[in-house]
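Work through the exercises below with the model open. Try each task before reading its solution.

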Amino acid sequence: MSCSGKGSIESILTQCCSFMCFLFFLCQCGCQLDASWNGQNCECVVVMFTVLCNKCPSSLSLQDKQYVGFATLPNQVHRKSVKKGFDFTLMVAGESGLGKSTLVNSLFLTDLYKDRKLLNAEERINQTVEITKHTVDIEEKGVKLKLTIVDTPGFGDAVNNNECWKPITDYIDQQFEQYFRDESGLNRKNILDNRVHCCLYFIPPFGHGLRPVDVEFMKALHEKVNIIPLVAKADCLTPNEIKKLKDRVRDEIERFGIKVYQFPECDSDEDEEFKQMDKELKECTPFAVIGSNTVVEARGQRVRGRLYPWGIVEVENQSHCDFVKLRNMLIRSHMHDLKDVTCDVHYENYRAHCIQEMTRCVKLAQDNRIDSPIPILPLPTPDAETERLIKMKDEEVRIDNYSLIYSSVAPSYRCFDSESLKKA
Ligand code: GDP
């Protein structure tokens, strides 16, 4: 904007200010300009006067003059992400009948399993592990979430459960592979992210800790997905039994070297309430949960719970189970971190492994070409647009490689798979 333009705006604003001063003076004196002039109009004038005085360049403070505006960046990011919407993919695993579908419906207050076909005992014996996907778009206060639930019916149901986790690990790898392909493709704008961000693993309440199949499942998946172990149907146990089972599961997880999802460390400048919440959350894993899709009446209130001859178990009562803690963690406090860990740790490991494999293949092909008797044919000349896209791609790969090298040397509290990075 030119100086003269700025000067004229300043003078217009100054004149407006003077006019508003005059109006303000009139209404302070109780003057009535016309029949509709009342106290409300008077207030309006006062407000406008204040606003104009504040906007008037001559009254701008030094602080205002030095305001560039990048403080609005968080608002811009917020607006953009709300507009775009969010997505989250949750996997549930554990043998049939442990309350997986009931818990998911209780968590998101939707009926995700409307068309589920329940198998009889005979069908269940012959069933192999399947992967099913249910997607639902939910909206809360204008924020849209595309929630995908990946279920694993048939897992752990067979008499011989040898390698029954294989279809599940294959599924997770396929999603990584798809993402890797899309990301390396020419059109990266509309990539659909189907990577699994979290896996809720249901441990039966009837045993005395982890069964071999639980240990094997978690060990097969812990490098690929964020595992959150849960004690299912906690209403089948007394508080004492729950405590014992939790202690035992925690010990076994450590003893077998299983890496379940680690809650990030709290920043030292967080408030005390948040620190306390974080401490409680860490102490109560594995979460002991109860699910129910029915509403019952307890203490004069309608609550989600399970009605028994001896009383009511309330799903959302924190002295009955850890459902609320799990929901708060999963949805309110750690959903974004789960996505970040998936992207920065699990997917990065997969990607590093892929790049390493590709480099090995290229090297092998080059080595072979030296002795190869096959003549190398000239490639057709690409057109200008293809050439531009290839150049763009080359640049992206170069930047990606730099960031990969950087991430391997940068100290981080969440280390990458050291083995694969060393090789890369
Ligand atoms: P899934 O096969 O793992 O998906 O299990 P479902 O959600 O279909 O539940 C199987 C049965 O267990 C149903 O009759 C549910 O009502 C019941 N159920 C679900 N959650 C609980 C729970 O927390 N406690 C008890 N006691 N029963 C539950």
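**Exercise 1. A pair between loops**

Which side chain does E223 meet in a salt bridge?

Solution. Start with the ground rules. This is a predicted model, in which local features need pLDDT of at least 70, side-chain atom pairs count only at pLDDT 80 or more, and totals for chains, interfaces and linings use all residues. Residues are numbered from 1 along each chain as its sequence is written, and side-chain values use heavy atoms, with hydrogens and water left out.

Step 1. Apply the criterion: a side-chain nitrogen of Lys or Arg within 4 Å of a carboxyl oxygen of Asp or Glu. The partner of E223 is K259, at 2.9 Å from N to O.

Step 2. E223 sits in the loop between α8 and β5, and K259 in the loop between α9 (239-255) and α10 (272-283). They are 36 residues apart, so the pair links distant parts of the chain. Helices (H or I, at least four residues) and strands (E, at least two) are DSSP runs, numbered from the N terminus.

Step 3. Check exposure. Buried means under 20% relative accessible area, exposed over 50%, and partly exposed in between (1.4 Å probe, protein chains only). E223 is partly exposed at 35%. K259 is partly exposed at 45%.

**Exercise 2. Two further salt bridges**

Find the salt-bridge partners of R211 and E357, and locate each pair.

Solution. Step 1. R211 pairs with E95, with the closest N and O atoms 2.6 Å apart. R211 is in the loop between β4 and α8, while E95 is in the loop between β1 (86-93) and α5 (100-108), 116 residues away. Relative accessible area is 26% for R211 and 22% for E95. R211 is thus partly exposed, and E95 is partly exposed.

Step 1. E357 pairs with R360 at 3.2 Å. Both lie in helix α12 (residues 335-371), three residues apart, about one turn of the helix. Salt bridges that share partners also join E95, R211 and D214 into one network.

Step 2. For the total, the rule gives 21 salt bridges.

**Exercise 3. Strand β5**

Why is strand β5 largely enclosed by the rest of the structure?

Solution. Step 1. Count the buried residues. Five of the five residues of β5 (residues 227-231) are buried, so the strand is largely enclosed.

Step 1. Sort them by face. In a regular strand the side chains alternate between the two faces of the sheet. Here I227, P229 and V231 are buried on one side, I228 and L230 on the other.

Step 2. Find the neighbours. Strands pair if DSSP finds at least two bridges between them. β4 (residues 198-203) pairs with β5 in parallel over five bridges. L200 has I228 as its bridge partner. β5 also runs parallel to β6 (residues 287-288), joined by two bridges. There V231 partners A288.
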